[in-house]
Amino acid sequence: MNQPLPFPDSVEWRVDTAPVAYPEALADMEARAAAIQAGEARERVWLLEHPPLYTAGTSADPAELIDPRFPVHDAGRGGRYTYHGPGQRIGYLNIDLGRRGKDVRNFVHHLEGWMIAALGDLGVEARRAEGRIGIWTDDAQGREAKIGALGIRVRRWVTLHGFSINVDPDLSHFSGIVPCGISEYPVTSIAALGGMASMAALDGALHAHFPAFLNRLGRCGTGVEQCGTDR
């Protein structure tokens with residue numbers, strides 16, 4: 001049986017329990033990325049929740065903002081509109097790809113795999129979907145539904161932004177937008193699926209699988225075809 005990899009000393013693991021305002025989080029994340037690039041700070045995984053809000057990526061279509069009932073923020077990341085709010089785990093990743101392969105495509109691929117592995121520990125069978133961004137599963141009605149989202153920006157080979165996983169948010173809040181520009185599929189959560197809807201349990205699963213995720217970045221080569229596509 002393979003021994004679990006140790007958690008790397010080069011990465012700070014930060015968890016905030018109180019909701020963090022989006023502009024504050026964005027400024028902190030940007031400052032940390034600059035410090036990492038300058039060799040003045042460790043890489044970081046920052047887990048948090050936001051108060052209810054919508055974010056607009058660089059490809060956001062105003063027609064997909066159906067009901068701006070919550071504040072709308074420009075995110076500066078790729079993608080379209082997303083919702084963030086209580087009951088949703090946000091993970092902001094400041095990872096130095098300059099020393100981990102310099103391959104954004106591989107980073108995104110294994111980020112998806114990390115999320116899928118963590119959800120599996122909580123009783124949710126999640127997967128990628130060909131041609132659609134995000135993490136998917138089957139809801140209680142047997143429909144394909146989105147349970148996780150990701151959006152990444154890379155500056156001088158340091159990553160910004162990251163992912164979200166729906167633990168137990170108010171799913172009606174997603175109706176104010178077309179989430180990630182995909183209108184034909186519903187959104188679900190760990191709670192709605194009857195899984196272990198505990199933020200602490202999800203954090204523990206993410207922490208346990210993080211060293212393997214990070215290790216795969218360094219040995220992935222120059223293309224996804226060289227990676228284990230089942231991970």
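**Figure 1. The hairpin of β9 and β10 in a predicted model**. Two residues lie between the strands of this hairpin, and R156 takes a positive phi near 50 degrees. Strands are DSSP runs (E, at least two residues), as helices are (H or I, at least four), and both are numbered from the N terminus. β9 (144–155) and β10 (158–166) run antiparallel and are joined by 8 bridges. R155 has V158 of β10 as its bridge partner. Two strands count as paired if DSSP finds at least two bridges between them. Strands of a sheet pair through backbone hydrogen bonds, either parallel or antiparallel. The model is predicted, with local features needing pLDDT of at least 70 and side-chain atom pairs counting only at pLDDT 80 or more, while totals for chains, interfaces and linings use all residues. Residues are numbered from 1 along each chain as its sequence is written, and side-chain values use heavy atoms, with hydrogens and water left out.

**Figure 2. The hairpin of β8 and β9**. Here 5 residues lie between the strands, and G142 takes a positive phi near 85 degrees. β8 and β9 are antiparallel, with 4 bridges between them.

**Figure 3. The open sheet of 7 strands**. The strand order is β1-β2-β6-β10-β9-β8-β7, and the pairing is mixed. β1 (11–15) and β7 (127–129) are at the edges with a single partner strand each, so one side of each has no neighbour in the sheet. From one strand to the next, the twist averages 20 degrees. Angles run from 0 to 180 degrees between N-to-C directions, and axes are lines fitted to C-alpha atoms, for helices over the stretch in contact. β1 pairs with β2 (residues 43–48) in the parallel sense over 5 bridges; R44 in β2 is the bridge partner of E12.

**Figure 4. Helices α2 and α3 on the sheet**. Helix α2 (residues 104–121) packs on the sheet and touches β1, β2, β6 (88–94), β7, β8 (132–138), β9 and β10. Contact means heavy atoms within 4.5 Å. The direction of α2 makes about 140 degrees with that of β9. Helix α3 (residues 199–218) lies across β1, β2, β6 and β10, and runs at about 170 degrees to β1.

**Figure 5. The largest cavity**. The volume of this cavity is about 110 Å³. Among its 16 lining residues, Q88, K146, A149, S164 and F174 are the closest to the centre. A cavity is a set of points, on a 1 Å grid over the protein atoms alone, where a 1.4 Å probe fits but cannot get out; a pocket is an open set with protein on both sides within 12 Å along at least five of seven lines; lining residues have an atom within 4 Å of a point. Grid points are joined across faces, edges and corners, and a volume is the space filled by probe spheres set on the points. β5 (81–84), β9 and β10 each supply at least two residues of the lining.

**Figure 6. The largest pocket**. This pocket holds about 360 Å³ of space. Of the 21 residues in its lining, R77, G78, L150, G151 and I152 are the closest to the centre. Two or more lining residues come from each of β5, β6, β9 and β10.
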